[in-house]
Amino acid sequence: MSDDKQHPAGHVIDAAAVMLAARKLEQGKLVAFPTETVYGLGGDAEDPAAIAAIYAAKGRPANHPVIVHVSPEADIGYWAASVPVEARRLIASFWPGPLTLILKRAAHIPDAVAGGQDSVGLRCPSHPVAQALLREFRGGKGGIAGPSANKFGHVSPTTAAHVREEFGDDGGGLVDYILDGGQSEVGIESTIVDLSRIDTHGPVLLRPGHISADQIAAVLGVAPAAPDAAAPRASGTLDAHYAPNTPVVQVRPEDLPVVLAKLAAGGKKVALICRAPGAHEAAVIQPMPQEANAYAHDLYAALRDMDHAGADIIVVEGLPATPQWQGVNDRLRRAAFDSQGILARL
């Protein structure tokens, strides 16, 4: 009898690989693992040495917190000093799934996992391989600290091949094991909602994602506020993030012809990411889906492919400024953080 289990969604769970990954985590080693959002670089969330190894492998600032992944059966009260009713409602509605909740951190949870803050980010992933790993790790009672499995600030990985591209086939001596779970279904990082100050600030949307502000408002009865100056630091919220090595600019659809013409006149090789490829000319063109969730699924792979195209610049067609595109627009804004400066120099 095979130890592999076929999940209804089509994922094959290699039980032996999951067990090996769990044992390595229990030994304090780092394991890259799949989630429905992106691949995570995992370490034991209660082992400060493992957390330090994550920061070192990524080149991540020590004050930039990581998200703790927990199993569907996890006791959230173990990780959080308090679990407000709003958290319970969001958990019931969206877990397992691409939603991270920021709660007040329990006193025994290491400072390192929170970047020295008094809060902790918690998420229960829906990917069946991630769930199998979390249930196997410490008998389902542990948490896996898991920022994206890439060098800090780079494009997040959505396949095991992307992780190998970042760290090498053998993990480059930094990642001890890569657990393959196919391509991530969502393709961009989780929505992050701060509930650590719920009594004074209400819910705060720190990072948009697949789960929209409208969906959160429908559950809580109030729309999440924008981050304020005193909001907790959270993963993936720096101005420059998710960026390939090739410069990226985001251009409004109506401005594309002029910008592409200027780049061509200047002898620049352009890699173009757009939803209407037939309307434009560029050295390399990556057509993208029209629908927001499908676009998000393909986004990071497209950025990585265009980064290898030998282009001087990656031009991304601007997207609708509507709620369903908020998560994708957030990632592209950070990837193309210097768009205005680059375009001004054309």
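Trainee: Which residues lie nearest the centre of the second largest pocket?

Mentor: This is a predicted model, to be clear. Gly209, His210, Asn293, Pro323 and Gln324 lie nearest the centre, out of 19 lining residues.

Trainee: And which elements give two or more residues to that lining?

Mentor: α8 (213–220), α10 (292–307) and α11 do.

Trainee: How does the lining of the second largest pocket divide, nonpolar, polar and charged?

Mentor: Nine residues are nonpolar, nine are polar and one is charged. The space in there is about 190 Å³.

Trainee: OK, now the largest pocket. How much space lies in it?

Mentor: About 250 Å³. Its lining includes Gln250, Arg252, Arg333, Phe337 and Leu343. Two elements, α11 (326–335) and α12 (339–344), each give two or more residues.

Trainee: Which one gives the most?

Mentor: α12, with three residues. By type, the lining of the largest pocket has five nonpolar, four polar and two charged residues.

Trainee: Switching to the sheet. What's the strand order?

Mentor: β9-β3-β4-β8-β5-β7-β6-β10-β11. That is an open sheet of nine strands with mixed pairing.

Trainee: Why is one side of β9 and of β11 left without a neighbour in the sheet?

Mentor: Because β9 (177–178) and β11 (204–207) stand at the edges, each with a single partner strand.

Trainee: Do me one pair in detail. How many bridges join β6 to β7?

Mentor: Four, between residues 99–104 of β6 and residues 119–123 of β7, and the two strands run antiparallel.

Trainee: What stands opposite Leu103 there?

Mentor: Val120, in β7.

Notes: Residues numbered from 1 in each chain as written. Predicted model: local features only at pLDDT ≥ 70, side-chain atom pairs only at ≥ 80, totals over all residues. Heavy atoms only, no water. Pairing = 2+ DSSP bridges. 1 Å grid on protein atoms, 1.4 Å probe; cavity = no way out; pocket = protein on both sides within 12 Å on 5 of 7 lines; lining within 4 Å. Points joined across faces, edges and corners; volume = space filled by probe spheres on them. Nonpolar A, V, L, I, M, F, W, Y, C, P; charged D, E, K, R; others polar.
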